[in-house]
Amino acid sequence: MTRKQIKERAARYARFVEWSDEDQCFIGRCPGLFEGAVHGQDEARVYKELCNTVEEWIELLNSDHTPLPKATPSKRFSGKFLLRVDPRVHKRLALKAQAEGESLNTCCAKALART
């Protein structure tokens, strides 16, 4: 497999880098390809290392004649999904939303955005 083919295949997998308060560093992941992560103090360097790691994984799987996992879907997300929670959690969230003067949807969306 050529370097160009590896890069083309690597581009099919979503990657993200986020700050971890627990680890006090940036963590880079490619969940569709491997379970591990790369980490460091500089976000740009972590992303570059993550990209290199993705390419190395693809090269390794190819050399082992192991099929690549399905790539990250390129579908559009509607912004809607159904979430089932314990009724006590539902009640607590509804009360919190009411106390904040906002809808349950807004309260949950804000909480999820913080993750």
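**Legends to close-up views of a predicted model**

**View 1. Burial and overall dimensions of the protein chain.** Of the 115 residues in the protein chain, 21% are buried (under 20% relative accessible area, with a 1.4 Å probe and protein chains only). This is a predicted model, in which local features need pLDDT of at least 70 and side-chain atom pairs count only at pLDDT 80 or more, while totals for chains, interfaces and linings use all residues. Residues are numbered from 1 along each chain as its sequence is written, and side-chain values use heavy atoms, with hydrogens and water left out. The C-alpha trace of the protein chain spans about 60 × 30 × 20 Å along its principal axes.

**View 2. Secondary structure of the protein chain.** The protein chain holds four helices and three strands, and these follow the pattern α-β-β-β-α-α-α when read along the sequence. Helices (H or I, at least four residues) and strands (E, at least two) are DSSP runs, numbered from the N terminus.

View 3. When neighbours within four places in sequence are left aside, Glu55 is in contact with Arg3, Ile6, Lys7 and Ala10, where contact means heavy atoms within 4.5 Å.

**View 4. Polar contacts made by the side chain of Glu55.** The Glu55 side chain is joined to that of Arg3 by a polar contact of 3.4 Å, and to that of Lys7 by a polar contact of 3.1 Å. A polar contact is a pair of N or O atoms within 3.5 Å; within protein, one must be able to donate a hydrogen and the other to accept it, and residues adjacent in sequence count only if both atoms are side-chain atoms.

Conventions. Buried < 20%, exposed > 50% of the residue type's maximum accessible area, 1.4 Å probe, protein only.
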